Amino acid sequence: MHRGSIKEVLHLVRDYRTLLSGYFVILVMATVSEGFGLGMLLPIMETATGKGGDSFFTRKVQGLFELAGLEFSLPSLAAVLGLALVAKYGLVMCAMHLARVVSARATRDLREQAFRNIMDLPLSYFYRTKPGDLVATQFNSAQNAGAIFEYGANLLNGVFFCLLYLAINSLISFWLTLIVVAVAGASYFFILPRFRVGFRKGDEEKAVMDDVNSYLYDTLSGIKTVKAFDNSVSHINKYQTRIDRYRDLSIEIVDNRIVVFFFNEPVLVLLAIGLLVAAVRFFGIPFSSVLVFLVVLIQILPKVKLINNNWLAVQEFLPHLARIGALIDRRDKQYLPEGSVRVESMEGDIRFESVSFRYPQREEFALSDVSVVIEKGSTVAVVGPSGGGKTTFVDLLLRLHDPTEGTIRVDGVALPDIRSGDWRRLIGVVEQDPYLFNDTVSTNIRYGKPDVTGEEMEQAAKLAYAHDFIEKLPEGYESFVGNRGLKLSGGQKQRIALARALIREPELLVLDEATSALDSEFERLIQTAIHQLRGRMTIVVVAHRLSTVRDADKILVIEGGRIVESGKHETLMDKKGRYRDLVNLQAGSDQ
Ligand code: ADP
Ligand code: MG
C-alpha cells in the first residue's frame, strides 16, 4: 500500500478544519459534562448513606456548591447530575451528526476528485485498467474512505471518555486504576495483531470485490454474445467461484472482528470482580467509593469497545483510502501535457514529421517513421490491411496520444503546444466503433454541439443520411437508442455518429472506417455526402472499401505501421504496387 496515496486524501483534512475543530470542541464539552455528572455520584452516595463525606469529590463539590450559592443536598446534587447527563447526551448527538457530515462530505468530495481525475487521464491509462475497477473505486472505495473520517471521530470519542473515566477512578484510588490500566493494556498484546489481520483482510476483500464487479460488468457488457454462444452456464460457474471466495472472506473478517469486540469485555469484567474483593479486603477503601469506582469502570467497557471497533474499521478500510488516493494522485500518471497556443481555425497544413508511436507495454511500434502532409481542404484517404496502424494514425491526429518520436504540426505549431480543447473543437470524428450514449437520438447528435436548434440538428442528420430512418423510429428524434446503441443497426449508429460529427461544422472531418458497417446503397450515399463536403473541410477518411476513396486527393497505404505507398488513385494503379493488389483483391471478393 502507498503511504503517499493516503497523504493525497488527507489533504482533505485541511478543507474540513473548521468542521473537525467544531467536533473537537463539542467532544471536549461532552466529556466535561460527563465528568461533572459523574463527580456528583460519590457525594450523592455519601449524602444518601450518611457515611464518609470526606472524599475528594464530596469536598470539591461542597466547595463548588458554596461558590454557586447552592444548597448541598440530595435533590440539588441529583438535579446537577441530571442536567449534566442531559447536556452530555445532547452534545454527543451533535458530535455524531458532525462526524457524519464530515464523512459524507469526504465521500462526496473524493468521488468528485476521482471522477475529475478519471476524465483527465490519458487514454492509455484505460487500456490497462478495467472499467469495473474504476466503478468500484467510485462506488465502494469513496464510500469506505469517507467513512474513515467517521470512524476516526468515534475513536476519538472513545479515547476522550476513557481518559475521563480513568481520571475519575484514579482520584478515587490511584493503585486500583493502575491495575486496571495494566491488565487492560496487557490484553492488547493479543488484540493488536488482530488489527493487522483486519487490514490484510480488508485489502483482500477489496480485491475480491473488484473481481466480482469487473466480472459482472464484463458479462453484462457482452450479454448478447453470452446468449448467442449459449454460455450462461459457464458464466454462472465463473461467477460462483468469485462469490464463494467473497463469502469465505466475509466470514473470516467477522470472525476477526468478534475476537476484537469481545476480548476486552470478559477481561475487564473479571478484573472488576477481583478488584471489588481486593479493594475492600486489602486496600480498605470505603464501600461507597468502591461502588462508584465500579460504576465508572463499567462505563469504560463500551468505550473500549468503541475504540477497538473503530480502530479495526479504520484498518479494514485503509486499503480503500489508499486506492482512491492512488487514483487522485497525479504524480505517477502520464498525462498529456496541456499546450498554451490558442487556435480558432486551421489556416495551413497538418504535417506528420517522422512520427513513430508505440503503445505502452507493447514491444513493436504501431506506427514507424510516418511523414505526410495533409493539405487544408484536401481529402486524404488512409487504406491498408487490418492492424496496419490506420486507427493509430487517426488517434494521433486527434491527439488522443502523443507520438513516441517525431512531431505532428498544425500551421507549423507542434500539436502538444496547442490547447487540446481548441484543437478538438475544430474536429468532427466518427470513430471506428462509435459509441452512442444511453439517451435519445437527439441528445446523441447534439453531443457534438449542445446549443443547436432542432432545425440545425435535422440539417446535420440529413447531411449524414440519418434523417429518414430517425423519422421512422417510434418517437423520432426523441427515441432512446438503448444501452450502447443496441437498438440500432451498425449502419444506423454510424450515421448518427456522422451527424454528431457534422453538427460541429468541423474544419477537419475524420472518419475511421465510417462506411464499414453500411450496406452498399448507403455507402454510396455517404460517398456522395463526402463528395459534397469536399473542399469545405479537410477530410481524413480511413476506408475499408477502396471504391469509397477513388477520388481522394491523396491515398496513403499503411501497412505494418509504415506508409508503403501514397498518391492519387490513378498514379497508384499505374504503379502496380500494394494499392493495386488491394484493389484487385477486393474486386475479386466483391463478385
Ligand atoms: P488498424 O486500424 O489499421 O486496423 P490499429 O491502428 O488499430 O490498426 O492497430 C495497429 C497496431 O497497434 C496493431 O498491431 C494493434 O494490435 C496495436 N494496437 C492497437 N490498439 C492498441 C492498444 N490500445 N494497445 C496496444 N496495442 C494496440
Ligand atoms: Mg482501425
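Predicted model: local features only at pLDDT ≥ 70, side-chain atom pairs only at ≥ 80, totals over all residues.
The metal site comes first. The magnesium ion, ligand 2, is coordinated by two residues, Thr391 through OG1 and Gln432 through OE1. Threonine 391 belongs to helix α12, which spans residues 390-397. Glutamine 432 sits in the loop between β6 (427-430) and α14 (441-446). The two residues are 41 apart in sequence, so the pair ties together separate parts of the chain. Threonine 391 has a relative accessibility of 28%, and therefore counts as partly exposed. Glutamine 432 is also partly exposed, with a relative accessibility of 37%.

Ligand 1 has a shell of residues around it. Tyr127, Tyr359, Arg362, Ala366 and Pro385 are among them. The shell also includes Ser386, Gly387, Gly388, Gly389, Lys390, Thr391 and Thr392. Helix α12 gives the most to this shell, with three residues.

Several polar atoms of the protein lie by ligand 1. A backbone N or O atom of glycine 387 is 2.7 Å from an oxygen atom of the ligand. For lysine 390, a polar backbone atom lies 2.8 Å from an oxygen atom of ligand 1. Tyrosine 359 uses its side chain instead: a polar atom there is 3.5 Å from a nitrogen atom of ligand 1. Taken alone, ligand 1 exposes 560 Å². The protein buries 71% of that area.

Aromatic rings were examined next. A pair of aromatic rings is described by two values, the distance of the centres and the angle of the planes. The count comes to 14 aromatic pairs. One pair is formed by tyrosine 125 and phenylalanine 126, with ring centres 5.7 Å apart. Their planes stand at 80 degrees, so this pair is edge-to-face; planes over 60 degrees apart fall in that class. Tyrosine 125 is buried, at 14% relative accessibility. Phenylalanine 126 is partly exposed, and its relative accessible area is 29%.

Phenylalanine 174 and tryptophan 175 make another pair. Here the centres are 5.5 Å apart and the planes are at 75 degrees, so the pair is edge-to-face. Phenylalanine 174 counts as partly exposed, at 47% relative accessibility. Tryptophan 175 is exposed, with a relative accessible area of 54%. The cut-off explains the two labels, because exposed means over 50%.

Ring pairs also link Tyr127, Phe357 and Tyr359 into a cluster.

Lysine 88 lies over the face of tyrosine 89, and the distance to the ring centre is 4.3 Å. Lysine 303 places its charged end over the ring of phenylalanine 161. In that case the distance to the centre is 4.5 Å.

The backbone was then considered. Glutamine 361 is not a glycine, yet its phi is positive, near 65 degrees. Glutamine 361 lies in the loop between β1 (350-357) and β2 (367-374). The residue is exposed, with a relative accessible area of 65%. Aspartate 369 likewise has a positive phi, of about 50 degrees, without being a glycine. Aspartate 369 is part of strand β2. Its relative accessible area is 47%, so aspartate 369 is partly exposed.

Alanine 460 lies in helix α15, which covers residues 454-463. The residue is buried, with a relative accessible area of 6%. Along the chain, alanine 460 and arginine 500 are 40 residues apart. Their C-alpha atoms are separated by 7.6 Å.

Isoleucine 427 is found in strand β6. Isoleucine 427 is buried, and its relative accessible area is 4%. In sequence, 255 residues separate isoleucine 427 from isoleucine 172. In space, the two are 80 Å apart, C-alpha to C-alpha.

Definitions and conventions. Residues numbered from 1 in each chain as written. Chains lettered and ligands numbered in written order. Heavy atoms only, no water. Donors = N, O, S within 2.8 Å, 3.2 Å for Na, K, Ca; no water. Helix = DSSP H or I, 4+ residues; strand = E, 2+ residues; numbered from the N terminus. Buried < 20%, exposed > 50% of the residue type's maximum accessible area, 1.4 Å probe, protein only. Phe/Tyr/Trp six-rings, centres within 6.5 Å; stacked < 30°, edge-to-face > 60°. Lys NZ or Arg CZ within 6 Å of the ring centre and 35° of its normal. Near = heavy atom within 4 Å. Polar contact = N/O pair within 3.5 Å; in protein donor to acceptor, adjacent residues only side chain to side chain. Areas by Shrake-Rupley, 256 points an atom, 1.4 Å probe, with all protein chains shown as cover.
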